[in-house]
Structures are given as structure tokens and as C-alpha cells.
Amino acid sequence: MVRLLDRWMPLKHVSASPIHKQRHEPTIMSGEVTPDPSQRQVMVNLGNRTVLFGPSAALRHVSHFAPEDDAQVLPPVADEREVAEERIARTLRVSEFESIRPASEGPGFDIEAIDRSGRKILIDIKVRERDPKPRDFDDQYRRLQTMSSSQDGAVAEAWHFNIERLKLVIMSLDKGGMPAFSTLVPLDVWQRTDKEIFRRQQVVERVEDWVRRIDQLYSDIQSWLVSHHDLKTERTRKTLMSEELMQKYAVPDRELPILDILRGNESLLSFVPRALYIIGARGRIDIISTSGTRLLIDQGVSGKPDWRLVSAESRRETSAFDQAALNVLVVQQ
Amino acid sequence: MSKVDETRRAYDKLASLLDQEIRKRSGTTADLEQFRRSLDVAFYLLGWAQFEYLVRKEAEDRIETNARAHTLDGHAWRYLKENMKSLSVRRRLDLLFHADAKARAALDRDYDVRNEAAHDYKIPAEARDISDWLLKLENLVSKF
């Protein structure tokens with residue numbers, strides 16, 4: 001029995017949109033999909049980034065591909081959307097496939113592959129900046145049915161790449177001819193150039209470093225305020241960190257703590273992390289006080305933060321943020 | 001001072017009001033932070049729209065002036081004037097910033113990412129500080 005992530009019914013059997021929404025809800029079906037696409041690992045170049053898609057975390061196995069296997073350095077592009085489909089067809093590698101080549105039969109299919117059991121698989125590749133919608137499946141369902149009945153032993157599949165949120169949804173037909181869906185998630189993302197490989201792990205480590213620097217700064221601030229018996233601090237509120245680079249490299253959004261300095265129940269100062277990737281600094285935290293907002297930026301180097309308070313008069317001027325600077329801010333409230 | 005400066009002042013005020021709501025812990029932080037992101041994108045695009053209008057007007061003004069010349073170049077300028085509508089913003093930027101290659105290149109890059117921001121809340125790293133970015137636009141306008 002294969003656990004299917006999504007089941008979908010052809011449009012002609014359903015009516016208005018409320019039902020459309022329901023048909024994407026996960027269910028477990030007894031139908032068997034052959035071959036099982038949900039266990040594959042798929043490596044593709046989207047233009048600049050190379051992505052390794054695979055089963056979700058719970059089902060994950062050892063990676064079949066690594067950046068070292070991706071030896072081809074392709075010219076960088078200004079807009080991945082313009083070349084993604086061509087690059088995917090050109091660079092596609094799949095863990096369970098013996099051979100991959102451009103499709104020679106089956107109108108509308110891009111790839112013809114042979115899996116380890118010798119079965120021919122015809123693949124229609126679709127690239128979008130969103131998840132597929134029901135109307136995308138309608139046409140393809142009919143085409144998959146037609147192809148599966150006309151090709152002797154061949155299996156037809158439609159692969160939907162979401163290059164914005166990095167997801168691969170594979171639509172196939174089970175033995176009963178019903179549609180089945182497998183969703184593969186990004187296991188790794190990297191960009192290879194002539195000089196280096198920039199990996200997802202580097203973004204993960206940068207985010208972790210940002211979390212540590214914030215935590216250390218907050219701890220310093222709390223220790224500096226020990227002598228202020230009328231003040232207390234709280235880290236209960238959170239702000240969501242979702243930087244563009246994190247999205248491009250499939251790094252999950254992260255909740256970051258806000259540090260509130262309170263007198264009684266009134267908040268005097270709130271430290272709100274606003275950005276990690278900014279020009280000229282290694283992160284920015286806004287200090288919101290009753291008299292306005294000041295910017296705090298880290299102009300240090302890796303492993304040695306240097307928090308600087310940006311002048312209220314000029315963004316080009318900064319001063320050290322230390323206990324004395326904090327005291328001035330507190331006294332001004 | 002152009003309208004871009006007024007836009008910057010309006011942004012500073014609205015951003016400050018939202019920040020105060022965050023400090024006073026009125027409403028959920030997630031909502032307030034989302035409002036702040038929406039505000040940033042809205043003013044980023046408004047700044048671009050105003051800058052683009054000023055670029056268009058300034059380029060037209062220069063073409064009009066040059067088209068009055070009774071020289072060989074005047075014919076070329078008059079041809080440009082007749083085809084003004086087909087002149088893209090990038091070509092107009094060429095006219096205004098031909099002596100400042102650095103600024104021209106930066107604007108080209110900015111234009112590439114501007115449309116991304118319009119539909120997907122993507123503000124480039126160079127413009128994460130909207131107030132400072134609007135000030136830069138204002139400074140460019142003052143160089144026209």
C-alpha cells in the first residue's frame with residue numbers, strides 16, 4: 001500500500017470551488033502507484049540554483065546526489081523564470097532512473113526515461129512560480145489517461161515545479177487509472193560558479209549565527225540593566241524572519257524574540273530584529289522608544305559582533321552600543 | 001525638493017506610528033510586522049513611480065530643448081522628439097545619467113528587481129531601509 005499525499009478527482013465529477021478545495025486534503029488510499037514517485041530523489045538546475053528534491057523529512061533517506069555530482073557550470077542568468085523549463089529538461093537526474101533523454105514520442109511530453117525495472121516513463125514538465133491549481137490538473141489528467149492507454153507499458157507523469165517555493169508535485173495514475181500525487185520537497189539547494197559552490201547550509205548557518213548574536217545582545221542588555229531596579233525585561237513576543245535568500249534556498253521561516261524593556265506595564269524600549277541581509281552591515285535591529293525609532297546595526301566580523309547605534313541625524317554616522325549608550329536611551333524615556 | 005521628499009516624510013511618520021503600536025503591544029506582533037512590511041513595499045513602489053515620472057518629464061524637457069537647435073544634431077533630437085512615446089524608461093535614464101555610469105548601472109539593477117517587489121513583497125537589500133532609499137532617490141532627482 002502506498003500512502004498518497006494528495007488525491008484529486010477529475011473536474012468533470014465535481015462542481016463549485018468549495019469541493020475543489022476539499023479534494024487536495026490528504027487521504028490514504030488503497031490504490032497502488034507504479035512506479036512510486038514519492039521515493040525518488042530529483043536533481044535539477046533551475047537557472048542559477050540547483051535543487052535536490054526528495055521525500056519529506058519523515059521518509060528521507062541518504063542523499064543520492066551532492067553538489068560534487070553537479071559538475072556542470074552553466075552560465076548564470078538574470079531571471080531564472082525565463083530558462084527554468086529548458087534547464088530542468090537539460091540537467092534532470094533522478095535516483096531511480098537508468099536513462100533520461102528528450103521525449104521522441106507522445107505529443108506534449110518533454111522527457112522520456114527508463115527506470116530500473118526497464119519501464120518507460122514519459123514526463124510532461126511544467127514550471128510555475130506557484131503550486132499547481134485544479135485547472136492545471138484537469139487537462140493533464142486527460143492527457144495522462146490517453147497516453148497510458150495508448151502506450152504499451154509506458155507510464156505517463158506530469159511534473160509540476162514550483163520554482164518560487166521550491167516544491168515538486170508529480171501527478172501520475174494508479175493501477176485503477178485514478179490520479180495520484182506525490183510531493184517532493186527540497187533536500188538541498190546550491191549554486192555553482194566557476195569559483196565556488198554556495199550551499200543552502202551556508203544560509204542555515206548564517207541564520208543560526210544571527211539567532212545567536214541576537215541572544216547574546218539581549219543577554220548583554222539584561223546584564224547592563226541589573227542596577228535599574230524599576231525596570232524589567234521580557235522576551236515573550238516574537239517576530240517572523242523570512243528573508244528572500246532563505247526562501248530561495250528553502251530555509252524555513254524563523255521566529256525571533258523581541259526584547260521589551262518595561263517600567264511597570266509600560267514598554268519603554270522594544271528591540272525588534274528587522275533584517276539579516278542588508279548592505280553595509282551584518283544585521284539590523286530597530287530600537288523603538290517612546291521618542292522614536294533608532295537603528296542598531298552589527299558592523300563586526302564573523303564571530304565578533306560590533307553593535308553600532310545609528311545616529312538619529314545621519315544614517316552614515318554610528319556610535320558604539322554599550323552599557324553607557326543604553327543608559328542614555330533609558331534615561332531619555 | 002520633489003514629491004519624493006514628501007513621500008519620504010510621509011513614510012517616516014507612518015513607520016513611526018506603526019513602530020509605536022509595536023512598542024505599546026497593541027494588537028498581535030505578527031499583524032503589526034506584516035503591516036510594516038506592506039507599508040515598506042507600498043512606499044518602495046510609490047517612490048519608484050514618482051521617480052519614473054520625474055525621469056520621464058526631465059528627459060522630455062531635455063529632448064524638447066535640444067530639438068530646437070538648428071544644427072545637424074537638431075535633426076536627431078527632433079526625430080527623438082517625434083518618437084518620444086516609444087522611448088523606454090531605461091533609454092531616458094541613459095539621457096539623464098550618461099555622465100554618471102555608476103548611478104546608471106545601479107538604477108538598471110534596481111529596475112530589474114522592482115517588478116518583483118510589486119507582486120511578491122520582495123524589497124532588494126539595497127532598499128531595506130526605505131527612508132534612506134527614498135533619500136537616495138531624492139538626491140538623484142536633485143542632480144537632474
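## Model and confidence

Residues are numbered from 1 along each chain as its sequence is written, while chains are lettered from A and ligands numbered from 1 in the order in which they are written. Because this is a predicted model, local features need pLDDT of at least 70 and side-chain atom pairs count only at pLDDT 80 or more, whereas totals for chains, interfaces and linings use all residues.

The predictor gives the complex an ipTM of 0.73 and a pTM of 0.78. For single residues its confidence is the pLDDT, which runs from 0 to 100; the mean for chain A is 84, with 86% of its residues at 70 or more, and the mean for chain B is 87, with 96% of its residues at 70 or more. Helices (H or I, at least four residues) and strands (E, at least two) are DSSP runs, numbered from the N terminus. In chain A, confidence is lowest in helix α1 (residues 17-22), at a mean of 32, and highest in α4(A), at 97. Over residues 1-33 of chain A the pLDDT is below 50, and this stretch has 43 contacts in the model beyond near neighbours in sequence; a contact is a pair of residues whose C-beta atoms, placed from the backbone, lie within 7 Å. Where pLDDT is low, the predicted coordinates should not be read in detail.

## A sheet and a helix in chain A

Seven strands of chain A form an open, antiparallel sheet in the order β12-β15-β16-β17-β18-β19-β20, where two strands pair if DSSP finds at least two bridges between them. The edge strands, each pairing on one side only, are β12 (231-234) and β20 (318-320) of chain A. Neighbouring strands of the sheet are turned by 25 degrees against each other on average, direction ignored.

Strand β19 (residues 307-310) of chain A is joined to the antiparallel β20(A) by three bridges, and V310(A) has T318(A) in β20(A) as its bridge partner. Helix α4 (residues 200-224) of chain A lies across β12, β15, β16, β18 and β19 of chain A, and runs at about 15 degrees to β15(A). Such angles run from 0 to 180 degrees between N-to-C directions, with axes fitted to C-alpha atoms, for helices over the stretch in contact.

## Chain B and its side towards chain A

In all, 15 residues of chain B are in contact with 19 residues of chain A. On the side of chain B that touches chain A, the elements giving two or more residues are α1 (3-23) and α2 (29-67) of chain B, and α1(B) gives the largest share, four residues.

The 39 residues of α2(B) should span 57 Å at 1.5 Å a residue, which agrees with its end C-alpha atoms being 57 Å apart; the expected span is 1.5 Å times one less than the number of residues. Among the buried residues of α2(B) are L32(B), R36(B), F43(B) and W48(B).

## Two residues with positive phi

L166(A), in the loop between β8 (155-162) and β9 (167-173) of chain A, has a positive phi near 45 degrees. A250(A), in the loop between α5 (244-248) and β14 (254-257) of chain A, has a positive phi near 55 degrees. Most residues other than glycine have a negative phi.

L166(A) is partly exposed because 19 other C-beta atoms lie within 10 Å, whereas A250(A) is buried because it has 20. A residue is buried with 20 or more other C-beta atoms within 10 Å of its own, exposed with 12 or fewer, and partly exposed in between, the C-beta atoms being placed from the backbone.

Note on methods. Two residues are in contact if their C-beta atoms, placed from the backbone, lie within 7 Å. pLDDT is the predictor's confidence in each residue, from 0 to 100.
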